[in-house]
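Student: I would like to go through this structure by asking, for each label, what value stands behind it and what cut-off it is set against. Could we begin with the surroundings of a ligand?

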Amino acid sequence: MQTPLYSIRMRASRAGEHISGAERIVPFGDLPALCAELTCRAQEHPRGIPDEIRLSIDAIDPATVRHGSLPDITTVRVDDLAAGREAALAELIKAGVSESAAVAAMQLLTNGPNPDGGGLRGALLVESRNGVRLEPDPRRGVRVSRMDLEPSAAERLQRVLAARRLDNPHVREALVLAAKVRMVPGFVAELCWSDDPDYTAGYVSTLHRGYVRFPHLKSLGDSHGGRAFFLRTDDLDLAAVIAFLQRTPVLFDRVGTIHPDEEYRP
Ligand code: COA
Ligand code: AMP
């Protein structure tokens with residue numbers, strides 16, 4: 001019989017403002033340790049002390065679990081924010097995003113894509129050629145959830161990242177999220193930079209190149225991050241894509257290759 005698995009999720013907020021979130025998929029017996037670990041995560045975030053911490057635990061139907069591989073990783077060295085944005089734009093265009101759609105999404109992430117001002121609670125969905133936004137709720141976006149690494153892949157990932165001085169929760173968790181997003185039909189690319197004011201790196205994920213990191217995609221001290229998922233919408237069942245991103249459990253059992261760093265040459 002398969003071990004029953006559970007989705008455990010933490011979100012922390014203060015005065016209704018989101019501070020941090022994290023999630024795992026684990027066997028029943030690991031839940032007490034995970035409650036402690038995720039509570040510590042909630043207490044230690046650089047955005048401050050929460051006044052509300054929510055832990056949610058739900059059993060997962062084993063028949064619905066999908067499996068997948070993490071993308072390869074390449075760091076493209078850039079000297080500053082301007083070069084980082086330029087290099088990320090070039091990567092998006094190479095993957096098949098139109099220049100106008102890529103530039104518009106970058107502007108939205110920079111200025112805050114929420115029509116009420118500020119960021120979203122999830123990601124922008126963007127048609128990769130014409131730049132049209134596809135999220136059903138443009139104040140919320142689409143939030144990817146129910147994904148984790150198999151234990152052996154988690155161990156291997158930490159080892160290979162540590163050898164390249166990349167082993168931090170930002171990279172590990174963003175890789176897992178990006179790996180799930182790449183699985184959807186119509187996927188062309190993802191662009192992300194973090195909300196955390198002390199984390200300036202960001203990435204572009206594409207099918208051909210994998211997860212491409214840029215050390216500077218925003219300024220130090222800036223707490224406005226965001227994500228955009230670029231999709232080709234020909235024959236796309238958008239509702240099924242969103243349902244997959246939000247609810248289908250995925251466990252990653254293979255780790256990609258870490259390629260040598262590249263220098264950005266405009
Ligand atoms: N930003 C702002 N608000 C958020 C939020 C976020 N990232 N995540 C949750 N919330 C708030 C929203 O108000 C949300 O209501 P909504 O669905 O109307 O937007 C409410 O909390 C409930 O969210 P829900 O997704 O139902 O909570 P959950 O407890 O099931 O899962 C998370 C919460 C944060 C664990 C999950 O959404 C998530 O983001 N998982 C991925 C975490 C991760 O690996 N992040 C790393 C990215 S580098
Ligand atoms: P973070 O990398 O957690 O700092 O998040 C950066 C931005 O990505 C946030 O502002 C959100 O817009 C978006 N985001 C965070 N979590 C998710 C998620 N689970 N799914 C989709 N988008 C997310």
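This is a predicted model: local features need pLDDT of at least 70, side-chain atom pairs count only at pLDDT 80 or more; totals for chains, interfaces and linings use all residues.

Student: Which residues come closest to ligand 2?

Tutor: The shell has 13 residues, and the closest are Gly122, Val144, Ser194, Asp195 and Arg227.

Student: What makes the approach of aspartate 195 to an oxygen atom of ligand 2 a polar contact?

Tutor: A polar contact requires a pair of N or O atoms within 3.5 Å. A polar side-chain atom of aspartate 195 lies 2.7 Å from an oxygen atom of ligand 2, so the pair meets that limit. Backbone atoms take part as well: a polar backbone atom of glycine 122 is 2.8 Å from an oxygen atom of the ligand, and a backbone N or O atom of valine 144 lies 2.8 Å from a nitrogen atom of ligand 2. Of the 480 Å² of accessible area that ligand 2 has on its own, the protein covers 78%.

Student: How is the shell around ligand 1 made up?

Tutor: It contains 17 residues, with Arg9, Glu23, Arg121, Arg140 and Arg143 nearest, and by class it divides into six nonpolar, three polar and eight charged. S1, S2 and helix H5 (169-181) each supply at least two residues of this shell, and S2 gives the most, with four.

Student: How do you know that histidine 18 belongs among the polar contacts of ligand 1?

Tutor: A polar side-chain atom of histidine 18 lies 3.3 Å from a nitrogen atom of ligand 1, and because the limit is 3.5 Å, the pair counts. Glutamate 23 has a side-chain N or O atom 2.5 Å from a nitrogen atom of the ligand, while a polar side-chain atom of arginine 143 lies 2.7 Å from an oxygen atom of ligand 1. Taken alone, ligand 1 exposes 900 Å², of which the protein buries 71%.

Student: Is serine 7 buried or exposed?

Tutor: Serine 7, found in strand S1, has a relative accessible area of 1%; buried means under 20%, so the word applies. Its side chain is joined to that of arginine 9 by a polar contact of 2.7 Å.

Student: Why is glycine 96 called partly exposed?

Tutor: Glycine 96 has a relative accessibility of 37%, and since the class in between runs from the 20% limit for buried to the 50% limit for exposed, it is therefore partly exposed. Glycine 96 is found in the loop between helix H2 (81-95) and helix H3 (99-111).

Student: Why is the aromatic pair of tyrosine 6 and phenylalanine 28 called tilted?

Tutor: The count comes to two aromatic pairs. In this one the rings are 5.2 Å apart, centre to centre, with 45 degrees between the planes. Centres must lie within 6.5 Å, and planes under 30 degrees apart count as stacked and over 60 as edge-to-face, so the pair is tilted. Tyrosine 6 is in strand S1 (residues 5-14) and phenylalanine 28 in the loop between strand S2 (17-27) and helix H1 (31-43), 22 residues apart.

Methods:
Residues are numbered from 1 along each chain as its sequence is written. Chains are lettered from A and ligands numbered from 1 in the order in which they are written. Side-chain values use heavy atoms; hydrogens and water are left out. Rings of Phe, Tyr and Trp (its six-membered ring) pair if their centres lie within 6.5 Å; planes under 30 degrees apart count as stacked, over 60 as edge-to-face and the rest as tilted. A residue is near a molecule or strand if one of its heavy atoms lies within 4 Å of it. A polar contact is a pair of N or O atoms within 3.5 Å; within protein, one must be able to donate a hydrogen and the other to accept it, and residues adjacent in sequence count only if both atoms are side-chain atoms. Accessible areas come from the Shrake-Rupley method with a 1.4 Å probe; for residues, only the protein chains shown count as cover. Ala, Val, Leu, Ile, Met, Phe, Trp, Tyr, Cys and Pro count as nonpolar, Asp, Glu, Lys and Arg as charged, and the others, Gly among them, as polar. Buried means under 20% relative accessible area, exposed over 50%, partly exposed in between (1.4 Å probe, protein chains only).
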